[in-house]
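Hello,

Here is the structure I promised to pass on to you. Have a look at it first, and then read on for what turned up in it.

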Amino acid sequence: MDVSPPRLRLAVLPTPVVAADRLRAELGCAPVWVKRDDLTGFGVSGNKARACEHLLGDAVARGCDLLVTGGGGDSNFVAAAALAARVAGLDCELVVTGPAGAAPSRNVELALAAGARIRPLGHARRDLIDDAVEELAAQRRAEGRHPVALPRGGSTPLGAVGFARAARELADQVTAGELPAPALLVIAVGSGGSAAGLLAGLAATGLRCPVLGVSVSRPASEARATVLDLGHGCAVLRGTPAPDPAALEIVDARGPGFGIAAPGDRAAAGLALRTEGLLLDDTYGAKAFAVLLGRLRAGVAGPVLYWHTGGVVSALAHLQPAPEGVHT
Ligand SMILES: Cc1ncc(COP(=O)(O)O)c(C=O)c1O
């Protein structure tokens, strides 16, 4: 049984898969492919467009009139959620980390432009966002609103369904001959919903492909438990086989800290940009791509699929000029 929960169509799917042949030539490595979820086509929401389709679809089906959620001060998800809420006809309130009065990030500016109301948390503790979201939703409920409260990243079993569908999408692209069956899939892991959905979705297709999750915000053991837990919940929701824990490897790529790219991450993002025209953000993409490059340079067997999750707003906001291009 593959139960499909309500869905609000937002993304332009399937996203393309492209061969990274210039990168391959540069490194002399195994074949590399890129799944272009930076091109999901709903605002600049990247991977989060997929989660929002089911989260907002469900909220609309339940008659909600307000989305309450939150994220870090430069969260792609808050911008995606704000846009999705308005398209779905819901108001939106967002709890974001950072001091009141701080200059908003481009992602928060985008959310504001979409009409969201921002509530600064007043500090940088991302682990306290979900409680603040629940509190705000309870307050609005007491005032007579019908809110849906979502944890940061939209990472719930229901949100993960969007990525379970993405696994089917990938399997269909393999079947259609658009790319070879990957021997390894590399994806950034934050709140875990995307990798969880992928694992659940892969278990439901015939595509056996190990997933390397690059954890940017939690120790590997914690990220692994979160991904497997969400993946299990997602499979239960859809009535599909449980994800295979043996198919998941997680590496800890927090480096200097959440949202801070190490010099090697920056170099990896620069290589992605200059060989393949891929824009990678410091928080997710640069770190995941650095891990991918490490595996390719170590001689991993291919084909390897890098899942580009987006982060384009943040990537542009923090773009670094290549050193040779700076004229003094
Ligand atoms: C650009 C980007 N990539 C990757 C991720 C990680 O996805 P997840 O939180 O589902 O693990 C996020 C999360 O916000 C993101 O914004």
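**Around the ligand**

A polar atom in the side chain of Asn 76 sits 2.8 Å from an oxygen atom of the ligand. Before going further, please keep in mind that this is a predicted model. Ser 194 also reaches the ligand with its side chain: one of its polar atoms is 2.7 Å from a ligand oxygen atom. Gly 190 takes part through its backbone instead, where a polar atom is 2.8 Å from an oxygen atom of the ligand. Altogether, 14 residues surround the ligand. The closest of them are Asn 76, Ser 191, Gly 192, Ser 194 and Thr 309.

To their contact, domain 1 gives 30 residues and domain 2 gives 21 residues.

How much area do domain 1 and domain 2 bury between them? The figure is about 1900 Å², and 60% of it lies on carbon and sulfur atoms. There are also two salt bridges between domain 1 and domain 2. In a salt bridge you can look up, the side chain of Glu 169 meets that of Arg 50, at 2.9 Å from N to O. Counting polar contacts, seven residue pairs link domain 1 and domain 2, with both residues at pLDDT 80 or more.

Which helices each supply at least two residues of the side of domain 1 that touches domain 2? They are helix H6 (157–175) and helix H11 (312–317). H6 provides the largest share of that side, with eight residues. Sorted by class, the side of domain 1 that touches domain 2 holds eleven nonpolar, 13 polar and six charged residues.

**Two cis peptide bonds**

Finally, here are two places to check in the backbone. Leu 13 and Pro 14 are joined by a cis peptide bond, with omega near 0°. Pro 14 belongs to the segment before strand S1 (17–19). The peptide bond between Gly 302 and Pro 303 is cis too, and its omega is about -5°. You will find Pro 303 in the loop between helix H10 (285–297) and strand S10 (304–308).

Conventions
Residues numbered from 1 in each chain as written. Predicted model: local features only at pLDDT ≥ 70, side-chain atom pairs only at ≥ 80, totals over all residues. Heavy atoms only, no water. Contact = heavy atoms within 4.5 Å. Buried area = accessible area lost by both parts, 1.4 Å probe. Salt bridge = Lys/Arg side-chain N within 4 Å of Asp/Glu carboxyl O. Polar contact = N/O pair within 3.5 Å; in protein donor to acceptor, adjacent residues only side chain to side chain. Helix = DSSP H or I, 4+ residues; strand = E, 2+ residues; numbered from the N terminus. Nonpolar A, V, L, I, M, F, W, Y, C, P; charged D, E, K, R; others polar. Near = heavy atom within 4 Å.
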